[in-house]
Amino acid sequence: KPLANFFSHQVASAILKNISKLAAGESWSGEWNVTRKDGSRIALDSRATRYDDRDGRPAGIFTITRDITARKLQERERAALDAKLQHTQKLESLGVLAGGIAHDFNNILTGILGHSSLLAMDLVEGHPMAPSVKAIEHSALRAAALCQQMLAYAGRGRFAVESVDLGEIGRETSKLFE
C-alpha cells in the first residue's frame with residue numbers, strides 16, 4: 001500500500017527520502033511523530049537498514065520501530081518538574097540573600113539608633129537639632145521594621161499584619177522633604 005495510506009504527506013515524503021538512502025546501503029535511525037486513525041498522536045523511534053540476498057543484491061529493508069510516546073511524556077513531565085525545582089531553588093536563594101542583607105542592615109541600624117538616642121539624651125529641651133534627631137530615630141525604627149519584614153520573607157522572622165495610618169506616613173514623609 002502507498003505510504004500516504006499510513007502517514008501524512010510530510011512524514012511519507014521523509015520516509016521516501018530515507019528509503020533511497022537505505023537502498024544505497026546507508027542505515028537510518030530517528031524519532032518521528034505520526035497520527036493514528038483515531039486522531040491520537042504517537043512518538044516513534046525507528047532503526048532501518050537494507051538487507052541483501054545471498055548473492056549480495058539488495059533484497060529489502062529491515063526496520064524496527066518502537067512506540068516511545070510514554071517515554072516522551074515522562075521526559076516532558078520531568079522537564080516541567082525540573083523547571084519548578086529550579087524556580088523553587090531561585091526563590092530559596094533569594095530568601096537567603098534577603099535574610100543576609102536584612103541582618104547586616106539591621107546591625108547598621110542598631111548603631112544609628114544607639115547614637116541617635118545618645119545624641120537625643122545630650123540635647124537640652126528646645127534645642128534646634130532635637131526634631132532632626134527625633135526624625136533620625138523614627139526613620140531608623142521604620143527601616144528596622146522593614147528589616148523584620150525581609151527577615152520574615154527569608155523565613156527567619158514573623159509577618160505582622162497591622163493597620164497603618166496613611167496620613168501619618170504622608171506627614172512623616174513630608175518632614176523628610178523639608
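A salt bridge here is a side-chain nitrogen of Lys or Arg within 4 Å of a carboxyl oxygen of Asp or Glu. With that rule, a search of the whole structure turns up 10 salt bridges. You're looking at a predicted model, where local features need pLDDT of at least 70, side-chain atom pairs count only at pLDDT 80 or more, and totals for chains, interfaces and linings use all residues. Residues are numbered from 1 along each chain as its sequence is written, and side-chain values use heavy atoms, with hydrogens and water left out.

**Exercise 1.** Work out what span helix α1 should have, and compare it with the model.

Solution. Step one: find the helix. Helices are DSSP runs (H or I, at least four residues) and strands are too (E, at least two), numbered from the N terminus. Helix α1 covers residues 9-23, which is 15 residues.

Step two: use the rule, 1.5 Å times one less than the number of residues. That gives 21 Å for α1.

Step three: compare. The end C-alpha atoms of α1 are 21 Å apart, so the two values agree.

**Exercise 2.** Which residues of α1 are buried, and which exposed residues sit on the face turned away from them?

Solution. Step one: sort by relative accessible area, where buried means under 20%, exposed over 50%, and partly exposed in between (1.4 Å probe, protein chains only). Val11, Ala12, Ile15, Asn18 and Leu22 of α1 are buried.

Step two: look down the axis of α1. Its buried residues fall within an arc of 125° (taken from the directions from the helix axis to the C-beta atoms), so they line one face.

Step three: turn to the other side. The face away from the buried one carries the exposed residues His9, Gln10, Leu16 and Lys17.

Step four: find the neighbours. The buried residues of α1 pack against β1 (28-35), β2 (41-52) and β3 (58-67), with contact meaning heavy atoms within 4.5 Å.
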